[in-house]
Amino acid sequence: MSDVELRVVDVSDDAALRAWWEVGAAVTAHDRPYDAWPAWEVGRASMRAARSDLDRTRLLAVQDGEVVGHGLVVWWLLDNPRLAELEVRVLPGHRRRGVGRTLLAELERRAAAEGRTTYVATTHAPVEAESPGSLFAAAHGYPVASAEASKLLDLATAAERWPALEDDVAAHLGGYRVAAIEDHVPTEWAADFCGLLSSFMTMVPSGDLDLEAAAWTPARLAEHEERTAAAGRAWLVAVGVAPDGRLAGFTELGVTRADPRLAIVGGTLVLPEHRGHRLGLGLKLATHRRLLELFPACPVVVTTNAGVNAPMNAVNEALGYRVVERCLDVQKRT
Ligand SMILES: CC(C)(COP(=O)(O)OP(=O)(O)OC[C@H]1O[C@@H](n2cnc3c(N)ncnc32)[C@H](O)[C@@H]1OP(=O)(O)O)[C@@H](O)C(=O)NCCC(=O)NCCS
């Protein structure tokens, strides 16, 4: 067995992008309890997308002429100047030979060269057990900074519960209302929506993760909307509107139009001063209903939240989500 060679992926090189994508597809199929890897066309579009809010480098690990693993380092440009996000995956048949360690060392070197001092990665494990990823992280000085549960909702049966929940929401909303939006936040709400997105990371329980508020502006939001559309993703959003017309909360989910195998819940937030009106449940019901209307073939939705986030867990439980794995954000501070 020869040494591992690391190659930087040029995003204009389709073969290299495809090789990077294939490692993720194989590792996900092997290690995860559900189909969590994007289709090739979607993955390619997102890997190619120009971003003004972050920069990133992808690596391929090659051994004896064969791609055996991949890596990614992402650094944010508009906020979180200390932080780098890392991804490492090694094909199941090539593990415990130091490929992961070699990739991680190079990703850390590149993150440090960008002036980054906190490195975070996400790995998954069964509910009651460790996984290769959690053991690898622990062995490399990445303790768990935030442990969350990943939950799935089966859409074929979920809607049976919704009428009773919608009645409950209607009885508690008072002067608040829920509005569903698709793909584009109306201009009159853009500033408020950016405020919600900016507060999201600091208001959602995130354990010991070294995160600061993200800096969302209408220009960044517009870029996000364009990028989502270009990637063929539908973005289903619900906002809570307070009696004075200002936004009180939001929830979002994304699904690929051409390949709606899995819808993914992004952020959900109700601002503290607007809690207690069943907005969290009302917002989620609105996006899930819209999902079923627009994508009746979509079988499942996934969401992830912290065990300590009691209100969000109660909402998800009411909706019928079931826990399928642990999602561990691991972190190393240098
Ligand atoms: C995690 C992963 C990248 C490790 O790749 P790898 O090439 O097998 O890792 P290495 O051979 O470099 O392992 C380095 C050390 O990590 C630890 N380690 C890795 N896998 C382990 C396992 N299954 N059990 C126990 N320790 C493990 C060991 O200390 C190992 O050193 P050793 O083999 O000398 O004992 C690979 O298992 C994988 O792709 N998992 C799924 C994706 C994932 O979770 N990635 C995120 C990681 S933060």
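**Sheet, domains and ligand shell of the predicted model**

Within strand β11, T304 is the bridge partner of S150; strands and helices here are DSSP runs numbered from the N terminus, with at least two residues for strands (E) and at least four for helices (H or I). The structure is a predicted model, in which local features need pLDDT of at least 70, side-chain atom pairs count only at pLDDT 80 or more, and totals for chains, interfaces and linings use all residues. Residue numbers start from 1 along each chain as its sequence is written.

Strand β6 (residues 144–154) and strand β11 (residues 300–306) run antiparallel and are joined by seven bridges. E148 is placed opposite A306 of β11. Strand β6 also pairs with strand β12 (residues 322–333), in the antiparallel sense and over eight bridges; here V144 has V330 of β12 as its bridge partner. Pairing of two strands requires that DSSP find at least two bridges between them.

These strands form part of an open sheet of 12 strands with mixed pairing, in the order β1-β2-β3-β4-β5-β12-β6-β11-β10-β9-β8-β7. Strands β1 (5–8) and β7 (177–182) are the edge strands, each pairing on one side only. From one strand to the next, the twist averages 25°. Axes are lines fitted to C-alpha atoms, for helices over the stretch in contact, and angles between N-to-C directions run from 0 to 180 degrees.

Two helices were examined against the sheet. Helix α3 (residues 99–113) lies across β1, β2 (54–63), β3 (66–76), β4 (83–90) and β5 (118–125), and runs at about 25° to β3. Helix α10 (residues 310–319) packs on the sheet and touches β6, β10 (262–270) and β11, its direction making about 155° with that of β11. Contact between two residues means that their C-beta atoms, placed from the backbone, lie within 7 Å.

The protein is divided into domain 1 (5–116) and domain 2 (151–324), with bounds from an automatic or database domain assignment. The domain centres, taken over C-alpha atoms, are separated by 28 Å. At the interface, 18 residues of domain 1 are in contact with 21 residues of domain 2. Helix α2 (residues 40–48) provides the largest share of the domain 1 side, four residues. By class, that side has 10 nonpolar, three polar and five charged residues; Ala, Val, Leu, Ile, Met, Phe, Trp, Tyr, Cys and Pro count as nonpolar, Asp, Glu, Lys and Arg as charged, and the others, Gly among them, as polar.

The ligand is surrounded by 21 residues, the closest being R95, G100, R101, P132 and G133; a residue is near a molecule if its C-beta atom, placed from the backbone, lies within 6 Å of it. Elements giving two or more residues to this shell are α1 (14–31), β4, α3, β5 and α4 (132–139). The largest share, six residues, comes from α4. The shell residues divide into 11 nonpolar, four polar and six charged.
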